[in-house]
Amino acid sequence: MTTNKRHSSPGYIPDSLQINRRANLRSIMEELESDGVESALLIDQVLGMATGTVANVRKGAEITDAMAREIEWAMNRPAGWLDRGPKETDI
């Protein structure tokens, strides 16, 4: 049986899926910020997330499959885009 460790746990090593999702979410957030959407509250709203979700992710919360698909839909990305590695994300 495997357990999911949070980022705050000693010795936590994030899996490649979370690494990809975080990197791709950062690029989306940079895109939003360049469009003037800078506050965490507005980013949550644009991405269709509950208030505080972006702040929680920044603190180390997992980006779940459901969250990833919602973000992709909100940003008009194909399903699975957030999961792709850096060389696979061109749309």
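Show the surface first: the accessible area of the protein chain (Shrake-Rupley method, 1.4 Å probe) is about 5,900 Å², and 53% of that area belongs to carbon and sulfur atoms. The model is predicted, so local features need pLDDT of at least 70 and side-chain atom pairs count only at pLDDT 80 or more, while totals for chains, interfaces and linings use all residues. Residues are numbered from 1 along each chain as its sequence is written, and side-chain values use heavy atoms, with hydrogens and water left out.

Colour by burial next. Of the 91 residues in the protein chain, 34% are buried (under 20% relative accessible area, 1.4 Å probe, protein chains only).

Switch to cartoon. The protein chain has four helices and zero strands, in the order α-α-α-α; helices are DSSP runs of H or I with at least four residues, strands runs of E with at least two, numbered from the N terminus.

Now look inside. One cavity of 30 Å³ or more is present, meaning a set of points on a 1 Å grid over the protein atoms alone where a 1.4 Å probe fits but cannot get out. The largest cavity has a volume of about 40 Å³, taken as the space filled by probe spheres set on the points, which are joined across faces, edges and corners.

Select its lining (residues with an atom within 4 Å of a point): Leu 25, Leu 47, Met 49, Thr 53, Val 54, Val 57, Met 67 and Ile 71. Seven are nonpolar, one is polar and none is charged, with Val, Leu, Ile and Met among the residues counted as nonpolar and Asp, Glu, Lys and Arg as charged.

Finally, select helices H3 (53-58) and H4 (65-74), each of which supplies at least two lining residues. H3 gives the most, with three.

How values were computed:
Buried means under 20% relative accessible area, exposed over 50%, partly exposed in between (1.4 Å probe, protein chains only). On a 1 Å grid over the protein atoms alone, a cavity is a set of points where a 1.4 Å probe fits but cannot get out, and a pocket is an open set with protein on both sides within 12 Å along at least five of seven lines; lining residues have an atom within 4 Å of a point.
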